[in-house]
Amino acid sequence: MSYNGITLAEDLTRQTDEIIIRLFENHPSFQDWGLIALGGYGRKELCPFSDLDLLLLTQKATQSQTENLLRSIMYPLWDKKFNVSYSVRKIKEALNDARKDFFFSTSLLDARFLCGDYRFFKDLQKALIKDRVFRNKKKFFANITLHNKKRHAAFGDVSYIQEPDLKEGKGGLRDFHSMMWAAKIVCKANDLSELESAGIISHTDHKELLSALNFLLKVRALLHTISARKNDRIYLEYQDTIAHSLHIKEGVLTPSELFMRESHHNALILKSVSSAAITAMAHSLGIDKNKTNKRIDSHFELKSDQIIFSKNHEIDKDPDLILKAFAHMATLGKPLHPSARSLIRDNLSLVRIACSSTRDVFLQLLRAKEAQEALTAMIEMGVLERFIPEFKGIKGRTQFGVYHTLTIDLHSILTLHEMKSLEKEESETFSQIKDKELLYLTALLHDIGKGGKEKHSSHGADLAYKIVIRLGLSEDRAEFIRFIVKKHLALAQIALTRDLSEERVIIEFAQMLGDTQKLLHLYLLTIADSKATGPGAWTDWKAALIRELFRKTLNILQKGLLKEPGNATHLAKKWQELLHRVPDELGKKFAGRLWALPQIYVLLIDSADIITHLKLSVKIRSLSDIEIHVTQEGDHFILTIIAMDRPGLFATLTGIMAINHLDILSAKIFTWLDNTAVDVFEVMPAWKGFTEWNKIADQFNLISLDKLDIDGRVLVTKPLQGTQRTMIRKKHPSVIINNERSDFFTLIEISAPHRIGILFHIAKVINSFCLNIHRAFVSRDGDFCDNVFYVVDELGEKIEDESQKTQIIKAIHDILAP
Amino acid sequence: MKKIEAIIKPFKLDEVKSALHSIGIKGMTITEVKGFGRQRGHKEIYRGAEYEVDFIPKIKMEIVVESSLADAVVDTIMKVAKTGKIGDGKIFIIPLEQVIRIRTGESGVDAI
């Protein structure tokens with residue numbers, strides 16, 4: 001679409017000229033002065049509410065004559081609400097001021113005669129050309145580049161930012177102005193046509209620049225009108241109105257998104273063409289020191305420290321050289337020479353879609369230190385969207401979110417850049433990444449799905465998969481990328497919305513990932529993505545939560561439940577089976593209770609047994625309920641006891657076993673998330689044909705009614721004759737408190753010689769410290785038993801207090817002593 | 001009028017927000033804060049390196065209401081933000097002298 005911003009500004013300038021000239025020529029002795037328009041007014045670039053900068057040149061008029069003149073011009077202008085500022089100078093004074101003030105000198109470069117005595121203007125022009133301010137071209141040029149640099153740093157880049165400053169930002173109108181100031185001084189070119197004749201810009205550049213100016217000036221005029229003041233920043237609140245005034249119709253994107261896309265695109269043109277022109281002028285001034293070309297390889301050279309093609313015609317035969325130019329840019333950290341830029345821009349149709357023959361060059365580019373610079377140039381010149389057409393979908397798209405301040409294509413590149421910085425900042429994690437190329441590819445492609453109507457992460461995952469398959473990556477690597485892109489928001493989302501002190505939350509997340517590499521990738525991508533999103537998006541606060549989820553998940557994957565590589569798949573299969581069998585065999589209402597089963601329990605217990613436990617658990621309604629299930633296996637029995645969890649339950653049960661001479665060979669103790677305790681004991685009765693299992697429930701009831709002193713009974717229970725074995729091995733008992741194994745429980749690991757009632761005594765000690773046994777594993781190896789108790793204190797926290805740890809260890813050692 | 005300040009666990013924010021909304025609370029201020037009370041910081045060990053985590057991320061909510069509504073707000077936060085575990089947070093209730101809406105100059109209950 002073409003706009004008429006230039007004509008619009010010229011029309012407004014002409015109307016303003018007419019008003020001012022009429023006022024001025026009404027004054028009887030106006031020929032004693034020369035009235036000059038400076039700056040934007042001089043350039044005929046007026047917008048509503050723009051400043052009018054006037055210079056009144058005179059030689060002999062007295063102060064009172066001048067005051068008289070000003071009264072008759074300025075007052076009426078001010079009354080008409082023009083923002084006029086003026087100065088009265090003699091030519092000599094003007095020159096003096098120009099020497100002192102760089103900005104005044106540039107506004108003189110845009111000077112335009114309005115009315116009065118023309119000789120004043122002519123003399124000023126003549127004097128200016130001769131004056132040392134402009135004769136020292138190198139110094140003037142250096143000033144321009146210095147001020148550009150400062151301005152860009154202060155205002156940011158119009159082609160990325162969500163609320164860009166149309167005038168002062170990088171890619172804003174000021175870039176065009178300063179290019180033209182330099183053009184006037186360096187190559188005596190007064191307009192774009194002359195600049196083209198001087199060979200500084202190409203014909204394409206010229207045309208594109210004009211269309212960009214037409215757009216930007218049109219928008220600026222609208223912006224001033226809408227804000228009802230001189231305002232050059234396109235604030236979010238104005239974007240909709242401007243889009244409608246420009247008659248932009250809704251498409252896949254909203255009108256304001258399309259408008260911003262167009263703004264970014266035009267700013268990009270202004271930015272690239274003006275910076276290339278500045279470089280070219282620097283070269284023509286001989287400012288750069290490298291006079292001779294340096295060879296890079298058989299196809300490329302460095303000319304004045306910029307990359308050029310050795311033989312331009314080679315790209316016809318080998319179009320992949322275009323990509324190589326950018327790869328050199330990334331590796332060497334040098335810009336493309338303007339001649340290389342125009343060669344590429346004139347031959348864009350040669351750029352081929354990414355394929356396996358370009359894979360290595362592209363991956364080399366991604367790995368290189370300055371990949372960000374090269375990819376940005378590829379976007380600016382339209383190369384990236386031809387190489388990876390999917391980028392067309394997200395190019396120049398502003399995201400209407402609170403956090404995103406950059407357009408998405410640049411955001412993707414910045415994410416890649418941030419990812420590279422993580423090599424140092426998160427070196428511990430980074431060094432564990434096995435395939436770094438995947439890290440860079442996901443950084444670049446993670447948002448590729450934005451802009452469609454579907455959920456961007458799933459859509460993007462499929463696009464990313466297709467892109468890397470086309471690039472010739474293996475199926476495995478492509479699937480990995482698909483997974484990471486699809487889940488790239490998961491880590492942050494879970495960290496902020498789920499309770500990270502719940503073991504279940506962490507295990508579910510770990511299970512979804514399945515392996516450590518995926519977690520490491522996701523963690524680094526989350527950080528890089530947030531940092532690239534904007535300064536507000538990555539805070540210590542958010543980092544702390546994300547780090548907690550990352551670290552806990554890593555522990556589950558590396559030390560915990562999912563350490564064994566097969567466990568994740570095994571667990572997934574078990575759940576599938578349960579979800580299928582439970583409603584079938586027990587009825588639908590049981591399916592609703594599956595949430596209560598902890599992952600470790602599901603992993604370790606047979607599905608058939610789980611179904612039995614679920615069935616039995618329905619009868620447990622109060623603290624006095626108990627369900628006992630016995631099956632025989634060879635000469636020993638599997639005794640499953642289900643009851644509501646409470647402090648001391650494990651002690652009570654092991655006490656009952658002890659007084660009945662049931663020898664515990666192993667035990668697995670679980671607490672379901674609904675507080676049901678499921679304890680599975682493997683026991684050996686003291687004599688064959690033991691059948692008095694009912695006694696267990698009876699004694700349990702007596703104990704809960706306080707009618708049976710279990711402590712006293714265990715103490716008087718002596719081993720039956722012939723069952724006491726002599727110690728074969730001499731081994732000292734050991735008690736270790738382990739806080740590193742789990743983020744949710746303290747593990748008390750006890751290894752001790754077996755004796756009757758030993759588990760009862762240990763459990764009593766643990767209770768005496770007000771610790772809750774949440775899970776336990778007991779196994780017998782000959783005459784030694786190994787026990788691991790998963791405990792938390794009454795507040796649900798791990799035991800962190802060192803003195804308490806010491807006391808616990810001592811107390812357990814005391815009862816282990818024979 | 002009362003100002004109610006609540007420190008809650010971050011993952012409870014959405015739930016508390018919508019619960020307050022459903023009892024008619026329309027405005028609140030949310031800040032991401034860090035601190036500790038009984039739930040102390042802890043040491044994190046990651047690949048041999050130790051990280052001291054002194055302050056734990058929390059959300060601070062500030063709600064200003066007419067005095068008669070204060071109890072309802074407090075009850076709602078208590079009910080929804082509770083997990084029963086350590087670190088669930090605290091609620092502070094502060095008497096409020098004056099509220100002024102900057103745009104209109106309205107003051108008192110009208111400005112809430």
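Just after helix α11 of chain A, the residue Ala228(A) adopts a positive phi of about 55°. Most residues other than glycine have a negative phi, and most peptide bonds are trans. The helix α11(A) covers residues 203-227, and its 25 residues reach 36 Å from the first C-alpha to the last, close to the 36 Å expected at 1.5 Å a residue. The expected span of a helix is 1.5 Å times one less than its number of residues. Helices (H or I, at least four residues) and strands (E, at least two) are DSSP runs, numbered from the N terminus.

The structure is a predicted model, in which local features need pLDDT of at least 70 and side-chain atom pairs count only at pLDDT 80 or more, while totals for chains, interfaces and linings use all residues. Residues are numbered from 1 along each chain as its sequence is written, chains are lettered from A and ligands numbered from 1 in the order in which they are written, and side-chain values use heavy atoms, with hydrogens and water left out.

## Other positive phi values in chain A

Phe49(A) also has a positive phi, near 70°, although it is not a glycine. This residue is placed in the loop between α2 (39-42) and β2 (51-58) of chain A. With 38% relative accessibility, Phe49(A) counts as partly exposed; buried means under 20% relative accessible area, exposed over 50%, and partly exposed in between (1.4 Å probe, protein chains only).

His661(A), likewise not a glycine, has a positive phi near 55°. The loop that holds His661(A) runs between α33 (649-659) and β10 (663-671) of chain A. His661(A) is buried, at a relative accessible area of 17%.

## An enclosed helix

Helix α27 of chain A (residues 516-533) has 18 residues, which at 1.5 Å a residue should span 26 Å; the end C-alpha atoms are 26 Å apart, in agreement.

The N-terminal end of α27(A) is capped by Asp515(A), which places a side-chain oxygen 2.8 Å from the backbone nitrogen of Gln517(A).

## The fold of chain B

Chain B contains two helices and six strands, arranged from the N terminus on as β-α-β-β-β-β-α-β. Of its 112 residues, 36% are buried. Among contacts in chain B with a separation of 6 or more, 72% come from residues 24 or more positions apart; contact means heavy atoms within 4.5 Å.

Lys58(B) is located in strand β5 of chain B and is buried, with a relative accessible area of 9%.

## A salt bridge within chain B

Lys9(B) and Asp88(B) form a salt bridge, their closest N and O atoms being 3.3 Å apart; the term denotes a side-chain nitrogen of Lys or Arg within 4 Å of a carboxyl oxygen of Asp or Glu. The pair links distant parts of the chain, 79 residues apart: Lys9(B) is in the loop between β1 (2-8) and α1 (13-22), and Asp88(B) in the loop between α2 and β6. Both Lys9(B) and Asp88(B) are buried.

The side chain of Asp88(B) also has a polar atom 2.8 Å from the backbone nitrogen of Gly84(B). Not counting residues up to four places away in sequence, Asp88(B) touches several residues, including Ile7(B), Ile8(B) and Ala81(B).

## Where the two chains meet

The contact takes 18 residues from chain B and 23 residues from chain A. The buried area is about 2,000 Å², of which carbon and sulfur atoms give 55%; buried area is the accessible area (1.4 Å probe) that two parts lose on being put together, summed over both.

Two salt bridges are counted between chain B and chain A. In one of them, the side chains of Lys85(B) and Asp499(A) meet at 3.8 Å, N to O. Lys85(B) also forms a salt bridge with Glu502(A), with the closest N and O atoms 3.7 Å apart. Lys85(B) lies in the loop between α2 and β6 of chain B and Glu502(A) in the loop between α25 (490-497) and α26 (503-513) of chain A, so the pair joins two chains. Lys85(B) is partly exposed, at 24% relative accessible area, and Glu502(A) is partly exposed, at 28%.

Methods
A polar contact is a pair of N or O atoms within 3.5 Å; within protein, one must be able to donate a hydrogen and the other to accept it, and residues adjacent in sequence count only if both atoms are side-chain atoms.
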